[in-house]
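Student: Please take a close look at one part of this model for me: how its side chains meet, pair and pack. I'd like one connected walk through it.

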Amino acid sequence: MSANSHQQMPEPFPSCPRKPANGDALTLLTSISVFLFGSLALTTPSGYSWGPAFLLILALVSYALPQRPELPGKSCLLLAAIFSLFFISALATALIHDQGFRTLDRPSRFIFALLILPLLLKYPPRPAFLWAGIALGASLTGLWASKQVFFDGLSRAHGDTQAIQFGNIALLLGSLSLVGFLWASHQRKKTAMLKVLALVGFVGGITASLLSGSRGGWITLPINAFICLIILRPRITKASIFIGMVVTSLLVTLFNFSSDTRVHQRAHQAITEVQDYFDSDNASTSVGVRLEMWRAAIVLGAQRPIVGWGEHEVEIQKQRLVSEAGLDPHILKFRHAHNDFLDSWQKRGGVGVISLALLYFVPLILFFRKSKRCLPSEQPFAIAGVILCTSYLCFSLTQAFFEHNSGVMVYAFMLLILWVLATTEEEKNQYEFHPQ
C-alpha cells in the first residue's frame, strides 16, 4: 500500500459537517422536531414553540454525548453575532431605562435559538421532514381559517392568535410550501405525496391569509416572486413557466373567490382610510390610527435618537403628545407603533433600529448570495431563506412582528434551520437537486 493511501483526501465542502456513525437517532429526532415546528406553528395554541422546545432539549442532551456538536463556521458565527447584538441592545436599553428584565422575554428567544445551532450542524434535519411539516401546517391553517369564517361566522380568521400574526405567518408557510414543491420536483426518489401536499399547503396558506384580512402582508407575493425570478432565471425552463402559470392562475382564482367578501373590501377600505386621514385628520380607522402612531413614533424617536424612551416612558410621552400636540387619543390603545422600525426608534433609539436592521438585512444578503453561488442541492433552502427575510421585512412595515412570541420564534428558529440546510451538502444522492 502506497504512502499516499494513508493521506486523508480533502473534503470537497469543508464547511459541511459529517454525521457521526451513531447519529441516526439524533438526526431522526431533530427531523421530527423540525417537522413539528412547521406543522404545529399555527394549528395549536403556541404551536410555534413545540418544535423549538424539543430542539432545545435535544441540544442539551447532545452536549453530554462523547461526540460533541459541531462548532459553527464563519457564516454561522456572523448570524450568532447578529442575534446576540439584538439581545444586547435590548438588554442595554432595559438597563438604561430601568424597565426590568421582563422586556427581555422576546429578545432572549434569539439567544435560545443559538443554543440549537451546534445540534443542527452536527445532526442536520432531513429536508423532506422540513418541507412536509411546513406544507402540512399551511394546509391545516387554511382549513382552520375556512372553518372560522364560513362555519363559525367570524369576519376575520385568526386561528388561536391575533389575526395579523395568523394571516402573515400563514402566508409565509404557504410561500415556503411552494419552495418545498420545487425541491420535491427534482428528487431522485419518488415524492409525489410531498408535491401534492406542498401544493395544497400553498393554497391553504394563501387562503388563510386572505380570510384573515391581513392586507399588510399581501405585498410580499409580488416581491418574493420577483426575487425568485432573479435567482432562478438561469434555470427557468418550459416546465417552470408552466408551473408559474398554474400558480398565477391559483392566485387569481383565490383573489376572485374572496373578492366579494374579503380582498376587494379590505383593499378599498385601506384606500378610503388613507384619504380620510389626510383629508379630515380621521385617525379612528385601522389605517388612520397606524399613520398617527407612526407620526408619534417619529417625533418621540427624534427627541431621544440614541437610546429612545424605553417601554414604559414611551407611553407617558404618547399621552403628552395627545394632550399638548393634539395627536389623536386612539394611539393610546396600542403599546407598539405597528411598525418594527418605528417602534424600535421610539423605544430604543438608533441603537435599536441598527440592531433590528442588521437582524433583517444581514441574513437576507447571506441567503441571497448563497442562492446565487451554492450547490444546486442547497438552492431551495437559500431561496426559502430569502423569502423568510423579505416576508418579515414587509410584515414589519405595518405590524410590530417582534412584539409577539409567534413572530420571534418563527423567524429565529426557521432562519437557523434554513441556513444550516443551505450550507450543508447532503451526502445522500436522493436529496440532490437537479434542475430540469
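Tutor: Let's begin with contact, which here means heavy atoms within 4.5 Å. Since you'll want the ground rules, this is a predicted model, in which local features need pLDDT of at least 70 and side-chain atom pairs count only at pLDDT 80 or more, while totals for chains, interfaces and linings use all residues. Residues are numbered from 1 along each chain as its sequence is written, and side-chain values use heavy atoms, with hydrogens and water left out.

Setting aside neighbours within four places in sequence, Leu28 is in contact with Arg126 and Phe129. Along the chain, Leu28 and Phe129 are 101 residues apart, yet their C-alpha atoms are separated by 9.4 Å. Leu28 sits in helix H1, residues 24–40 (a helix is a DSSP run of H or I, at least four residues, numbered from the N terminus). At a relative accessible area of 34%, Leu28 is partly exposed (buried means under 20%, exposed over 50%, partly exposed in between, with a 1.4 Å probe and protein chains only).

Helix H6 covers residues 127–151, and its end C-alpha atoms are 36 Å apart, in agreement with the 36 Å that its 25 residues should span at 1.5 Å a residue (the expected span is 1.5 Å times one less than the number of residues). Just after H6, Gly153 takes a positive phi of about 80°.

Now for the packing. The largest nonpolar core holds 88 residues, and those with the most contacts inside it are Leu130, Tyr392, Phe402 and Tyr411 (such a core is a set of buried Ala, Val, Leu, Ile, Met, Phe, Trp, Tyr and Cys residues joined through side-chain atoms within 4.5 Å). Helix H16, residues 405–422, gives this core its largest share, 15 residues. Beyond its neighbours within four places in sequence, Tyr411 touches several partners, including Phe110, Leu359, Tyr360 and Pro363, as well as Tyr392 and Phe402. A second, separate core has 10 residues, among them Leu300, Trp309, Val314 and Leu321.

The charged pairs complete the picture, with 11 salt bridges in the structure (each is a side-chain nitrogen of Lys or Arg within 4 Å of a carboxyl oxygen of Asp or Glu).

In helix H12, residues 286–303, Glu292 and Arg295 are three residues apart, about one helical turn, and their side chains meet at 3.5 Å, N to O. Glu292 is buried at 4% relative accessibility, whereas Arg295 is partly exposed at 40%.

Helix H13, residues 313–324, holds Arg320 and Glu324 four residues apart, again about one turn. Their closest N and O atoms are 4.0 Å apart. Glu324 is exposed at 62%, while Arg320 is partly exposed at 25%.

Helix H14, residues 340–373, carries Asp343 and Lys347, also four residues apart. Here the closest N and O atoms are 3.1 Å apart, and both residues are buried. Through shared partners, salt bridges join Asp343 and Lys347 with Glu311 and Arg348 into one network.

Notes:
Helix = DSSP H or I, 4+ residues; strand = E, 2+ residues; numbered from the N terminus.
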